[in-house]
Amino acid sequence: MIYAFGEYEVDTLGLELRRGGERHHVEPQVFDVLVYLLEHRERVVSREELLTQVWGHSYVSQATLSSRLMAARKAIGDSGRAQLLIRTVRGRGYQFVGELGEGDRAPPAEPTAAPSLVARSEELSRLQAELDAAVSGRRRTVFVTGEAGVGKTTLVESFLAQAGGRAPPLVARGFCLEHRGTGEPYMPVLDAVSGLCAGRAGAAALEALRARAPTWLVELPWLLPPAELDEVRQAALGATPERMLRELAGALEALAAKTPLILVLEDLHWSDDSTLDLVSRLARRDEPARLLIVGTYRPGEGSVELLQRELRTRRRCVELGLALLSDESVRQQLETRLGGPALPAALVGLVHRRTDGNPLFVECLVDSWLDRGALHETGDGWELRDEPARLAESIPDTLRDLIEQDLSHLGADDLGVLEAASVVGSSFVAAAVPALDVEERCSRLARDGRLVRLLGEAEWASGELSTQFAFLHDLHREALYDRIPAGRRAGLHREVVDRLERGYGAEAPERAAEIAFHCIEGRDAAAAVEHLREAAEQARRRGGLREAVRHLNDALEQLKAAADLAERERIELSLQTALGPALMVTEGWASPAAETALERAVELSEQLADGPLLSASLYSLATLMEYRGDYPGSEGLTARCLALDRTPPDPSADVVAHELMACSLFHQGHFDRSVEQARRGLALYEPRSVYEGPAAFGEDPAASCNDWAGLALGCLGFLDEAEQRIHAAIEIVDAPEHIYGLASARAHAARLYQLRGEVEGVEREARAALALATEQGFAYQAAVATMLLGWALSAGDREGEGLALMREGLESHRQTGAEMDRPYFLALLAEASIACGDFEAARSALGGALGSTEGGRSFFYEAEIHRLRGELALQGGDDAKAAEAHFRAALGTARRQEARSLELRAALSLARALRAAGRDAEAIEALSPVVDWFPAAHDSADLRNARGLLHEVSR
């Protein structure tokens, strides 16, 4: 038989591996491993089967098998990292996944048997029904829940084994691990995606990532050649959390469009927040997708339960709660485990009473009795050698106690190895364990089915080849870990750090969260600080800002404990500089912790005379002040930033400072100065440069400069140039990587049309902004777009719907913690309330808006607030004198700000009031000068209304 794949041929009769037609030498055992995998390519081949079929019944270590597999991969141009031809199926074995040519093919072997499962037929049927629904295009989410040892993983594995029929779905499987540091974002997802790329659909998965999720390729660097990886890294700079979520969701859905996909995430009670965000996003989306998400977790642990309840309330998920086994189910498990029905009459009842029907407890109990000889096989079946009453007294009350009892029968050397392994984690590479003979002892225990199982070979970045194992259940690891005295435990953690750093080599920063955990447990505070700082940066890059905040706070705590640490202030500065912006995003603009962190960063950077970090800290703090509505405070901080003596010059820092200054000056009604600052920013802007500050918030500074210039020019009355600026901003950010900036630009366009009084333009742009912001979860921009859309609907004779939307938008805006533009939104609400005759609501809204002008503070919409007070006075029953006073106050404010568009509105309201009082000449005198200022070619709703009134009065 000849198997052909790519440029290779395996000739089983000639015992040759050929490459390009030429004989390629491999060792006999390597060739045998390759042939066996090819002959059984339709299924996963277990390690035990390979050992038996290739080496016979002689004992061979897992290291030997691993080395032969590695040699087989190298011989056919594959590797343990790429796994394009020979895939490692975690916890199960290996499979040849390459595409064979059109030559002779061997008949497929029988599919692998499903794991042994007792009393779960109903749950299996439900999972299959959910898969059928997903295959038909109805995305489904299932949570399998139950206490430790109840059989969640066994159920999932049985389901996956049954799912592999004639048209098997793709399976992406990831595991959440408790002992891997404090919240590494997307850890199980990266595990699952990596497995997809190494599986039978590896090429399709990689193409989906290239097309839909380039930022994720940065986290999987081994998938790309160096040149392409550099391009992807450049494109991924400044990726926002929403972009990360959106891209991966899109990639998984695109992959599922070709072949149904099952995403399995186990032990979600240990999940990081970012992984739960992805599950939530995938489960909530309405678009059809051939996607089934299966998550397992223990009830009462972790935040996944909150997510599950929320999704279940919205009918976006189902829960399969696994109950403990009944008497009859325990009997079935015992018969399966012991290999026959001839069981002592008292055994089933005794086991069920003492285990409550927990399958893992049953298994451990039976193994314990077998080891002790308390349960003995005879020629006729099984017998208990002790009286059931006496035996019951010796059974520990808890599973943990039973495991402890089981551990007491281990030899001292085996126990020492397992204790050291428990320090590494639930799964561990032998080379990471600070003990002797780890690989040999764990391989033997795994072959005996005791405490650990084989996962396969592991090739570290350093090139070291080792074997990976996992504890059969995390309760085994916990029991072993708790046995270690505190002093020895800390020492073992420090040894693990040394081994991990050496093994990971250049990839150590990518595993910083894991290493940091061991540093903390090893009481090495100084090393913990450094690794936590790296972990925070990695989390930020992946979009896991909540995890980044936890890492940074942990690093600050460890910094306090680090004795005699050199450059303590400089290290704290770097931590506080990163913490402030992350807190602004995760806790909202009202976050006192963010302000504290940034103020401390400014203080430290001044002490250390660190210009770049002082500039970054001032910019972040100024941004916080801006969103809180403290525009003068923001202006002062930004002015300090611009006044810094930068050596060497840093144009990118000046670009973002000019953009923020333009924003602050616009909000204060200094429109000319705002336009000038925006122009300065645009003059320094380089499209290929990285602007860290705006990128952290998903903005592009050139687009933002155009936005603020456009709004300021619109207020000044330069309507055509204003519209050009707004359209220029939209063009700059009209790309997938700038989706937040696009939502922001669309919202700014809606504002401009609102300033021009053009209802249709407001509705069009507000709907576009709201669609983007809602889809991507941009809370602030969604609130702004909702407010503006509500105004447009209200102005377009849909008052009820419009007012409801405006109140919704105002509440959403409040929940973000922002105060920026709140007086503007209150004024819009007052305008809509006046139009529908709700004068009390209008008075309340205007009262809130007036607070923006107290103490002599200037605000860009101040003239409109005064004008609306006049409209309320006229329509709400006050005297005409009060209304006229408010209109003249609006005129005075608009003229002081040189805001011709707002002056036009104020003059139009005043002229209407004067004409109603029979004072036509005064009406013309108030309105004509400002109308004449606008070129005849200019057109807007306000200009059309003003020209129409002048025409009527002049007749």
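Trainee: What do the side chains of Asp939 and Arg944 meet in?
Mentor: Keep in mind that this is a predicted model. In it, the N to O distance between the side chains of Asp939 and Arg944 is 2.7 Å. The cut-off for this kind of contact is within 4 Å. So the two side chains meet in a salt bridge.

Trainee: Is Arg944 buried, partly exposed or exposed?
Mentor: Buried would need under 20% relative accessible area, and exposed would need over 50%. Arg944 has 46% relative accessibility, so its class is partly exposed.

Trainee: How many salt bridges does a search of the whole structure find?
Mentor: Asp939 and Arg944 give one example. Another joins Arg511 and Glu514, with the closest N and O atoms 3.4 Å apart. Searching the whole structure gives a total of 65.

Trainee: In that other pair, which residue is buried, with a relative accessible area of 2%?
Mentor: Take the two partners in turn. Arg511 has a relative accessible area of 27%, so Arg511 is partly exposed. The buried one, at 2%, is Glu514.

Trainee: Glu228 forms a salt bridge with Arg210, so how far apart in sequence are the parts that the pair ties together?
Mentor: The closest N and O atoms of Glu228 and Arg210 are 2.6 Å apart. Now look at where each one sits: Glu228 lies in helix 9 (residues 226-236), while Arg210 lies in helix 7 (residues 202-212). So the pair ties together parts whose separation in sequence is 18 residues.

Trainee: Which residue stands opposite Glu9 in strand 3?
Mentor: Start with the open sheet of four strands, which has the order 1-2-3-4 and antiparallel pairing. Strand 2 (residues 8-11) pairs with strand 3 (residues 16-19) over four bridges. Glu9 is also linked in a network of salt bridges with Asp11, Glu16, Arg18 and Arg23. Its opposite number in strand 3 is Arg18.

Trainee: Which helix packs on that sheet?
Mentor: Look for something touching strand 1, strand 2 and strand 3. Its direction makes about 95 degrees with that of strand 2. The element, residues 28-39, is helix 1.

Trainee: How many of the 14 residues of helix 38 are buried?
Mentor: Helix 38 (residues 822-835) reaches 20 Å from its first C-alpha to its last. Its buried residues, including Tyr824, Phe825 and Leu826, pack against helix 34 (739-755), helix 36 (779-795), helix 37 (799-815), helix 39 (839-850) and helix 40 (862-875). Helix 38 is largely enclosed by the rest of the structure because its buried residues number 12.

Trainee: And which residue takes a positive phi just after helix 38?
Mentor: Step just past the end of the helix and check the backbone. The phi there is about 85 degrees, and the residue is Gly837.

Note on methods. Residues numbered from 1 in each chain as written. Predicted model: local features only at pLDDT ≥ 70, side-chain atom pairs only at ≥ 80, totals over all residues. Heavy atoms only, no water. Helix = DSSP H or I, 4+ residues; strand = E, 2+ residues; numbered from the N terminus. Buried < 20%, exposed > 50% of the residue type's maximum accessible area, 1.4 Å probe, protein only. Expected span 1.5 Å × (residues − 1). Contact = heavy atoms within 4.5 Å. Pairing = 2+ DSSP bridges. Axes fitted to C-alpha atoms, helices over the stretch in contact; angles between N-to-C directions.
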